[in-house]
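I opened my notebook to look up two things.

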Amino acid sequence: DNAGEKLTSGGNNTLIGAGTGGKISTNSYNTFVGDLCGRDGYNSSDSTAVGSGAMQSAAAGASGNTAFGKWAGYGVSGQDNVMLGRRSGFSAGSGARNIYLGLNVQGQGASAVSVSDTLAIGSSTDAEDNLIYGVHAGTKSLTINGALTVSGSVTNDVRVLTDAAGTTTMDCSASNFFTLAMPSGGTTVLT
């Protein structure tokens, strides 16, 4: 297979590798480097894929995606996703604006997802099971699956501080409460 073999009027595409961009016909501003990148179904614009088989079976409308690594973004059908690492985003599905970093994150063997605006960093097949998983839409959340050590300071606007029977509670925002267990019979200083 030749790179860009179906290309008719699309412009500003860079296609390097056997079979790369095989279905692109009229679309523009794609950069595919590596054999079979964007070969089987992709016919859209504004994407970058580097690595053998990156975005190989991406859907026709999967524009604006960035995939680096062998088979990264293999079957992506959503838009504006970033997938870095071998098989990262292999099963990205129709979600948009997701960031998958690491080996096989939301990768081969995972069910295709339609969630959008998420961040997954690690090496677990399913996005939610990675070391770091965040959701930027709706209630906005960040999950760290493991211990968190902070060297330095963590600051926020402390609005309410109360103490009852050795338990001090801080309201650091309108909807988030944090509880500190204080030792009884001693002096504890918070600065």
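This is a predicted model: local features need pLDDT of at least 70, side-chain atom pairs count only at pLDDT 80 or more; totals for chains, interfaces and linings use all residues.

**Charged pairs and a sheet**

I began with Arg97, which is partly exposed at a relative accessible area of 45%.

What does Arg97 form a salt bridge with? I found Asp117, and the closest N and O atoms are 2.7 Å apart. This pair links distant parts of the chain, 20 residues apart. Arg97 sits in the loop between strand 5 (82–84) and strand 6 (99–101). Asp117 sits in the loop between strand 6 and strand 7 (118–121).

Is Asp117 buried or exposed? Its relative accessible area is 18%, so I wrote down buried. The cut-off for buried is under 20%.

Next I looked up how many salt bridges the structure holds, and I got 2. The other entry joins Asp40 to Arg39, with 2.8 Å between the closest N and O atoms. I checked the accessibility of both partners. Asp40 is at 30% relative accessibility, so it counts as partly exposed. Arg39 is at 28% and also counts as partly exposed.

Last, I followed strand 9 to its partner. Strand 8 (residues 132–135) is joined to strand 9 by 4 bridges, and the two run antiparallel. I picked out Val135, whose bridge partner in strand 9 is Ser141.

Definitions and conventions. Residues are numbered from 1 along each chain as its sequence is written. Side-chain values use heavy atoms; hydrogens and water are left out. A salt bridge is a side-chain nitrogen of Lys or Arg within 4 Å of a carboxyl oxygen of Asp or Glu. Buried means under 20% relative accessible area, exposed over 50%, partly exposed in between (1.4 Å probe, protein chains only). Two strands pair if DSSP finds at least two bridges between them.
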